[in-house]
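Look at the model below.

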Amino acid sequence: MTLSRRDFIRSAQAVGLFYASVSLAGCARAHSANRAFSLLPDPARRLDLPEGFSYTLISEAGGMMSDGFYRPGRPDGMACFAHPDDSDKCILMRNHENWNSIPVGSPFGKGNELLDRVSDSQLYDRKKDGSPFFGGVSKVVYDLKHKRMERDFLVLTGTAANCAGGPTPWGSWLSCEEEMLKPEEGPGKYHGFVFETPSSATGLIDAIPLKAMGRFAHEAASVDPKTGIVYMTEDARDGLFYRFIPNVRGELEKGGRLQALALTNRKSAVTSNWPEDWGGNATEPFAVGQDHVVEWIDLEDVEAPDGDLAKRGHAAGAARFMRGEGLDYALRTDGTTGDFYFTCTEGGAQRVGQIWRYTPDEGAEAGGTLQLFFESTNADSLDMCDNLVVAPWNDIILCEDGRGDQYLRGLTPDGKIYDIARNAHKDRSEFCGACFSPDGTTLFVNVQEPGYTYAITGPWETLRV
């Protein structure tokens with residue numbers, strides 16, 4: 001059905017989806033690391049946090065879940081939803097980025113002995129050797145009051161490299177495949193699609209790809225609550241920034257149009273700011289704080305069996321982004337305008353990260369403006385930003401996936417970087433899936449290896465620069 005604006009807002013409130021109503025006005029021009037919030041060493045060597053903060057280790061990959069399956073490996077993108085029946089609890093929808101080449105992390109046991117419990121419609125695909133794909137989604141019910149996991153279970157399985165995604169205002173999680181496999185490479189089906197998983201799921205759902213949303217190296221997704229348009233990033237060095245205009249708002253399975261962002265003043269722009277990319281139509285680097293007028297290009301043959309959607313879009317005038325990853329929406333305090341913030345993990349002259357801001361104009365067919373909001377010039381202060389989430393106190397929380405120690409960083413509207421956490425585990429794996437509980441008291445985050453999910457609490461109001 002088509003929702004009115006009032007019904008749409010009421011629906012979002014009903015499911016308790018936490019969209020931070022914040023203003024990040026202005027540009028992040030400055031770039032200075034702020035060490036005022038010193039991190040204290042964790043005796044357990046898991047998470048170093050500021051004074052007054054603590055964490056709960058919710059779960060670890062490989063353990064037995066409530067449904068009798070094993071907890072899949074490599075937790076990644078994640079979103080938090082209000083529990084429909086108990087305000088002291090919340091729901092986490094958690095991706096598992098298990099690639100075709102990764103032999104471990106199966107939810108079905110070492111020999112996949114539990115696979116007979118899964119129907120053909122629930123298992124999206126198998127590998128060349130007949131074994132199942134291990135990617136998918138698990139659901140966690142967490143007790144905020146008592147700081148403990150109540151239960152977790154498998155919701156989606158048989159998919160490949162479910163990296164990030166995004167919540168919807170109607171209470172579902174969009175889980176995105178990053179790996180673009182095709183039958184000629186061994187699997188039985190094409191991969192590189194979006195799968196919608198309801199936060200109300202009580203077990204495995206049928207694995208149905210939303211093919212109209214495109215086949216590419218999907219990373220994150222974020223929904224404009226005013227229009228129902230879904231924006232998406234692509235984790236590729238020649239990736240695009242996409243939007244999907246559904247035929248029926250809130251019913252993505254009914255199809256729609258896929259488009260790519262283009263700049264009116266720089267056709268086929270290359271936004272990386274890498275010196276070797278300054279040629280062609282990108283004759284100079286993009287400056288932080290400068291607005292660029294946007295238009296949107298319709299894309300054809302979006303299922304792209306040849307995996308060439310980004311190449312064709314760029315040739316048609318779409319802008320190219322250097323590994324687009326984290327993406328989140330923030331409504332400004334005046335309530336009339338919202339912004340989408342997204343990271344480019346290897347963007348920037350130093351190749352250690354960019355953050356872009358897209359502000360849509362009013363109306364589903366309108367363009368909007370694009371701005372380079374922040375560019376890291378020093379890996380010691382921000383190294384290869386990946387997932388992001390807008391915090392209740394207006395800052396952007398960034399998950400690092402860099403080359404050294406991995407940090408959770410905060411970024412203020414005026415461009416100051418500060419530390420929130422350091423991964424003290426010996427594996428030094430990336431942070432991913434940062435998201436806040438609906439009441440803003442708890443930050444959930446994953447560490448991909450060895451597969452930890454944490455809940456962090458403390459005096460968040462002190463993390464302001």
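## A buried glutamate

Glu-97 counts as buried because its relative accessibility is 6% (buried means under 20% relative accessible area, with a 1.4 Å probe and protein chains only). This is a predicted model, where local features need pLDDT of at least 70, side-chain atom pairs count only at pLDDT 80 or more, and totals for chains, interfaces and linings use all residues. Residues are numbered from 1 along each chain as its sequence is written, and side-chain values use heavy atoms, without hydrogens and water.

Glu-97 sits in the loop between strand E6 (89-96) and strand E7 (135-143). Strands are DSSP runs of at least two residues, numbered from the N terminus. Beyond four places in sequence, Glu-97 touches residues including Arg-74, Cys-163 and Gln-448 (contact means heavy atoms within 4.5 Å).

## The sheet

An open sheet holds four strands in the order E5-E6-E7-E8, with antiparallel pairing. Two strands pair if DSSP finds at least two bridges between them. E5 and E8 stand at the edges with a single partner strand each, so one side of each has no neighbour in the sheet. E6 and E7 pair over eight bridges. One link joins His-96 to its bridge partner Gly-136 in E7.

## The cores

A nonpolar core is a set of buried Ala, Val, Leu, Ile, Met, Phe, Trp, Tyr and Cys residues joined through side-chain atoms within 4.5 Å.

| Core | Size | Members include |
|---|---|---|
| Largest | 25 residues | Met-213, Val-230, Tyr-242 |
| Second, separate | 24 residues | Phe-53, Val-389, Tyr-454 |

Val-230 is in contact with Leu-174, Phe-244 and Leu-252, among others.

Key: Buried means under 20% relative accessible area, exposed over 50%, partly exposed in between (1.4 Å probe, protein chains only).
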